[in-house]
Amino acid sequence: MTSALNLALAKIVPSVITDKDLIASYTSDWTGRFNGKADVVVRPQNAAQITEVVLLCKKFGVAIQIQGGNTGLVGGSVPPPNSLRPICLMSTSSLNSILDFDVVTGHITVGAGVSVAQVQSTVRARGWEFPIDLASRESATIGGLVATNAGGIRVCAFGMTKQSVAGIEMVLADGQVISNLTSPLKDNTGYPISDLAVGAEGTLGIITAVRMKLIRPTLSSTLFVIPCDSVQLAYETLLSVQKAGHNLLAAEYVDAKSMQLIMSYSQLRPLWPVPPNVTVFIEVAGSNIQLDADPRALGTSNAGEMRNFWKYREAASDSWTAAGKVHKLDVSVAVDQIGTFESKLSAMLSNFEIVTSYGSFGHLADGNLHIEIVGPAQDDYEIDKSVLELVAKFNGSISAEHGIGRAKREYLGLTRDAIDIELMKKIKEVFDPEKLFNPGVLLPD
Ligand SMILES: Cc1cc2nc3c(=O)[nH]c(=O)nc-3n(C[C@H](O)[C@H](O)[C@H](O)COP(=O)(O)OP(=O)(O)OC[C@H]3O[C@@H](n4cnc5c(N)ncnc54)[C@H](O)[C@@H]3O)c2cc1C
């Protein structure tokens, strides 16, 4: 059956991969924790080819795993290891064209496979800025950004991805294409259907193109790197910056364990002779700004120096990945609870004998912690569950920005109401009754 499917696919799409070794390069995720199996990989070039592939897979009873840059951290970008249905992995990497760029109003329309870095450099060359920035920018795609409603380091200033989406084109499970790429910017005519694709993690359709709203670049900024004794004191430092009325562009933290791994992974020198418990990165608009902060704080408005300081924070996720098969959890609590949560979490994790190492870093101004845990086996979810239950006790979210993927779907009910989950299942049923797209991602069985 699959060879008949492969032959038919080859008539539609120029790039069909059936070699097992080549397929394997698509079926493991960035962290190495999630590994799956696919029968074939296709790389279509446009929505028309995607429609034909979708109809063919439907006819053959084959599920489709959608993959952008494969930088997702919750297993949603790779197939499951033990699917009863054959799986066609669809990579959007060939949907890589800039389709339209309105330099007057600041809107760009791109294929779903265009990388974040490509959009950033394209718009910067014409006096605009892309509001989303994250360390995975070279590989992460615009389709993936929208499908996960990604956040990043600029959320406190410009919002999550959904705040910048102005239009989406998406292929549905019955092969139809919906699009509001060229609709008027103001269009209040009922349910905003395309918006459902944002944060749906590919469960409702295949995003083929996106129109994004741009911002004007901030002309100058100052970055402060501040040593703190705890996450609570880091939060209080941030609060004092906000109370002083500064225009916040980013506020991040890295704990001591993460910093130790960052320095050895990226061969970066220590910032201070005695390493602090927590390093805080606060960027505000304007040059040569003065802060009333710890006298050891480092501050600069020089673009090159700022880039060098940001390297410490940006290496955090990859440094943990290099440290072993890491359990990565991305959670949020109310911003003023971040210190209390972090100390409860540390106390809890230190009691698990199986945990050999743990730490956190994240988006301080969003109450968003990226928690890294080494020790438990890849398929051991006991620690994950305990952390997520603690998050639920704080009324937080079990996924602040990475999504639910395959990693957290059983725990969705911890922080989403039963009625929400019921409605999500009904929406899935309307869009994709045969569960063609990304089976096993996001929704619990
Ligand atoms: C070093 C590093 C730093 C990161 N930092 C951040 C951060 O600060 N903030 C943050 O939010 N995330 C961060 N991430 C996570 C990740 O980069 C984002 O989730 C990103 O949006 C994923 O994009 P992608 O193209 O790699 O998607 P993939 O990983 O390929 O896919 C992610 C999900 O989106 C679906 N999908 C992908 N493309 C499409 C499409 N065209 N149509 C429908 N569904 C699709 C997939 O099926 C999957 O469910 C980081 C990851 C790394 C490795």
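Asp 133 is buried, with a relative accessible area of 12%; buried denotes under 20% relative accessible area, exposed over 50% and partly exposed the range in between, for a 1.4 Å probe and protein chains only. The model is predicted, so that local features need pLDDT of at least 70 and side-chain atom pairs count only at pLDDT 80 or more, whereas totals for chains, interfaces and linings use all residues. Residues are numbered from 1 along each chain as its sequence is written, and side-chain values use heavy atoms, with hydrogens and water left out.

Asp 133 is placed in the loop between helix 4 (116-124) and helix 5 (142-148). Helices (H or I, at least four residues) and strands (E, at least two) are DSSP runs numbered from the N terminus. The side chains of Asp 133 and Arg 137 are joined by a polar contact of 2.8 Å. A polar contact is a pair of N or O atoms within 3.5 Å; within protein, one must be able to donate a hydrogen and the other to accept it, and residues adjacent in sequence count only if both atoms are side-chain atoms. When neighbours within four places in sequence are left aside, Asp 133 is in contact (heavy atoms within 4.5 Å) with Gln 120, Gly 151, Gly 152, Ile 153 and Arg 154.

A backbone N or O atom of Ile 66 lies 2.7 Å from an oxygen atom of the ligand, and a polar side-chain atom of Ser 136 lies 2.6 Å from a ligand oxygen atom. For Ile 207, a backbone N or O atom lies 2.9 Å from a nitrogen atom of the ligand. Taken alone, the ligand exposes 970 Å², and the protein buries 97% of that, with areas from the Shrake-Rupley method and a 1.4 Å probe.

Ser 83 is located in the loop between strand 3 and strand 4 (87-91). Ser 83 is partly exposed, with a relative accessible area of 30%. A polar atom of the Ser 83 side chain lies 2.6 Å from the backbone oxygen of Arg 85. Although Ser 83 and Pro 439 are 356 residues apart in sequence, their C-alpha atoms are 8.8 Å apart in space.
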